[in-house]
Amino acid sequence: MAIVTVPGTREQPGSRLRVPVRAPTRRGRRVRDNLTGYAFLIGAVLCFAFFSWYPMIRGIVMSFQRTRRGVTTWVGWDNYERIVNDPSFLTAWKNTLYFTVLALIFGYAVPFFVAILLNEFRHAKGYLRALVYLPVMLPPASALFLFKYYVYDPSDAGLFNAVLKALHLPTSEWMQSTTMTMPAMVLASTWMNMGGAVLIYLAALQNIPGELYEAAELDGAGIWGRILHVTIPQTRLILSLMAMLQIVATMQLFIEPLILAGGAGTQDSATSVAYLIYQHGFFQNDLNGAAALGVIMLVVLAGFSAVYARLTARQDAT
Amino acid sequence: MSRTLISQAQLRRGRGKAVYWTLLALVLLVFTLVFIGPLYWMVTGALKSGQEIAQTPPTLFPADPQPENYINAWTRLNLAKLLFNTFYYAIGALVFQLVLDTAAAYALSKLRPAFGNAILGLMLATLMIPAMVLIIPQYVTVIDLPILHINLLDSPLALWLPAVANAFNIFLLKRFFDSIPEDLMAAAVIDGAGPLRTLWSIILPMSRPILGVVSIFAVTAVWKDFLWPKLVMPSPETRTVSVGIYAFAGGTPMNVVVAAAVIAAVPTVVFFLIFQKNIMSGLTTGSLKG
């Protein structure tokens with residue numbers, strides 16, 4: 001906090017008296033203004049430097065190094081080779097991509113249509129919005145223990161199986177079944193996270209001029225026609241931004257497998273790339289390998305973002 | 001209110017009206033079940049005995065409520081300490097972010113020192129980097145801070161300082177400060193106010209809404225975070241509540257773990273009920289209107 005008070009004291013009358021006759025030169029004043037600016041910036045800049053910018057470089061550097069008994073040596077692509085040859089490597093990518101795609105189908109479309117629905121109601125608006133957002137406020141660990149123990153209980157005592165049984169539908173072993181693990185994680189994750197997206201879409205929907213719907217209706221467009229030709233084009237920017245954000249978020253899938261499936265899950269059915277990073281870094285004592293996997297993840301996400309940006313740009317051009 | 005997908009007139013007339021009210025009733029029912037149902041299940045499930053929870057079909061109400069599950073959770077997991085830790089970290093993160101990020105955003109928006117835009121660019125670039133990618137090098141940095149060679153493990157600073165490196169905060173604050181007219185600043189300078197005085201007496205009072213948004217995000221982020229506090233706060237005495245519950249989950253009965261999870265969620269739910277309006281409007285100011 002001392003840093004912040006420095007510029008203030010600079011402006012005290014005392015310091016001004018020291019240059020009484022001649023006004024400060026323009027250059028001198030600019031230097032002083034710059035210094036004041038930097039004094040305000042320094043705290044945040046140091047935090048960025050230590051905890052964002054430096055680790056970014058450090059991550060890349062350490063992925064080419066190996067530290068053994070305190071001695072660090074350059075090892076070229078060894079870490080990458082080791083991580084790629086990990087038997088879980090391909091499974092982790094497959095699982096993560098599967099989760100991302102499933103989450104895109106459910107977690108992406110559902111909030112948008114929920115927002116469209118909620119936007120039509122003239123009553124109980126506040127209540128419905130609060131309901132949808134409530135799970136977002138829960139600590140994920142709390143919500144996931146609820147799912148793990150009480151909802152996805154593989155016996156018929158769990159909430160889902162009890163409901164399915166009451167409806168005479170087939171029950172499932174959820175996290176203990178290799179095929180249901182991923183859908184179950186997507187469901188829990190969507191429940192926990194969709195509130196934010198719904199509120200953002202609702203705000204976007206409110207910015208659509210009513211005349212557009214009016215005009216579309218006069219042209220004979222039904223409800224679907226209006227959604228297709230007015231709602232979606234009018235919210236296209238936010239929709240594509242949210243798709244991007246969601247994909248980047250779901251590719252980092254970590255806490256769901258950790259808590260719901262105890263990490264790897266039944267026959268590696270829950271292992272994600274992020275979990276593999278954690279596993280290598282903190283259980284196999286292989287921070288360098290974990291860093292290499294982090295770099296791979298960064299490259300994949302950056303590559304994906306570039307392709308995505310190009311695709312959406314082309315769409316905008318046409 | 002301007003018209004939406006379906007016109008006001010259509011909703012007021014005979015069939016439209018009937019459909020509207022049926023749909024509203026249905027949505028109210030379904031949404032309450034979907035979003036409150038699991039919470040009800042959680043709170044009442046933690047009241048059941050181990051035997052009752054394994055019973056099929058499950059009971060809707062606890063037949064023989066066991067409030068001692070909650071007491072058990074409170075004492076066995078030392079929840080008072082865990083909750084206090086989390087609260088302390090959240091408040092600290094809030095103070096650090098408010099002071100340092102506000103100062104930085106003010107400098108970038110109003111003082112505009114040389115290379116300010118380059119610095120802003122570098123800050124915003126960090127938004128592109130997924131958190132998971134940085135977790136390993138960040139951890140290595142925290143256990144041996146470059147130049148200073150300090151180990152921040154188990155120190156609250158390991159949560160507070162990285163929290164300041166939040167480009168989203170800087171972006172929100174700077175954009176808000178940008179909208180404050182230059183004339184006000186010029187008037188303050190003529191009155192002899194220095195930059196700190198201007199920030200304190202002119203900018204900050206006008207920025208209450210955005211400061212509220214940043215504060216809410218800062219507090220909930222700490223409360224919800226899991227992996228980072230798990231890594232940098234490894235001792236049982238310094239754990240956050242989520243990490244503490246996870247650490248105990250292995251050797252503790254299910255009901256006690258869920259009871260602890262309920263207690264851990266109470267503060268955020270209460271926080272939500274109090275600041276509901278600000279949270280929901282803050283979320284949209286944060287993401288839209290760009």
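The pLDDT is the predictor's confidence in each residue, on a scale from 0 to 100. The structure is a predicted model, in which local features need pLDDT of at least 70 and side-chain atom pairs count only at pLDDT 80 or more, while totals for chains, interfaces and linings use all residues. Residues are numbered from 1 along each chain as its sequence is written, and chains are lettered from A and ligands numbered from 1 in the order in which they are written.

**Exercise 1. Confidence**

Determine which helix of chain A has the lowest confidence and which the highest.

Solution. 
- Step 1. Helices (H or I, at least four residues) and strands (E, at least two) are DSSP runs numbered from the N terminus.
- Step 2. In chain A the lowest mean belongs to helix α1 (residues 2-10), at 40, and the highest to helix α4 (residues 78-84), at 95.
- Step 3. Over residues 1-21 of chain A the pLDDT is below 50, although this stretch has 24 contacts in the model beyond near neighbours in sequence; two residues are in contact if their C-beta atoms, placed from the backbone, lie within 7 Å.
- Step 4. Where pLDDT is low, the predicted coordinates should not be read in detail.
- Step 5. The mean for chain A is 86, with 91% of its residues at 70 or more; chain B averages 89, and 97% of the residues score at least 70.
- Step 6. The model as a whole scores ipTM 0.90 and pTM 0.88.

**Exercise 2. Overall form of chain A**

Decide whether chain A is more spread out or less spread out than a compact globule.

Solution. 
- Step 1. Chain A holds 15 helices and two strands.
- Step 2. Its radius of gyration is 27 Å, well over the 20 Å that the globule rule gives for 318 residues, so chain A is more spread out than a compact globule. The radius is taken over C-alpha atoms, and the rule is 2.2 Å times the number of residues to the power 0.38.
- Step 3. Along the principal axes, the C-alpha atoms of chain A fill a box of roughly 90 × 70 × 40 Å.
- Step 4. Chain A is divided into domain 1 (2-62) and domain 2 (82-317), with bounds from an automatic or database domain assignment. The C-alpha centres of these two domains lie 43 Å apart.
- Step 5. Of the contacts in chain A with a separation of 6 or more, 64% join residues 24 or more positions apart.

**Exercise 3. Burial and the nonpolar core**

Solution. 
- Step 1. A residue is buried if 20 or more other C-beta atoms lie within 10 Å of its own, exposed if 12 or fewer, and partly exposed in between; C-beta atoms are placed from the backbone.
- Step 2. Of the 318 residues of chain A, 40% count as buried.
- Step 3. A nonpolar core is a set of buried Ala, Val, Leu, Ile, Met, Phe, Trp, Tyr and Cys residues joined through C-beta atoms within 7 Å. The largest one has 163 residues, and those touching the most other members include Phe145(A), Ile245(B) and Ala261(B). Helix α9 (residues 181-206) of chain A contributes the largest share of this core, 18 residues.

**Exercise 4. Backbone angles in two loops**

Locate Ala124(A) and Gln267(A), and classify each as exposed or partly exposed.

Solution. 
- Step 1. Ala124(A) lies in the loop between α5 (88-120) and α6 (125-137) of chain A. Its phi is near 55°, a positive value in a residue other than glycine.
- Step 2. Ala124(A) counts as partly exposed because it has 16 C-beta neighbours inside 10 Å.
- Step 3. Gln267(A) is placed in the loop between α13 (255-260) and α14 (273-282) of chain A, with a positive phi near 45°.
- Step 4. Gln267(A) counts as exposed because it has 10 C-beta neighbours inside 10 Å.
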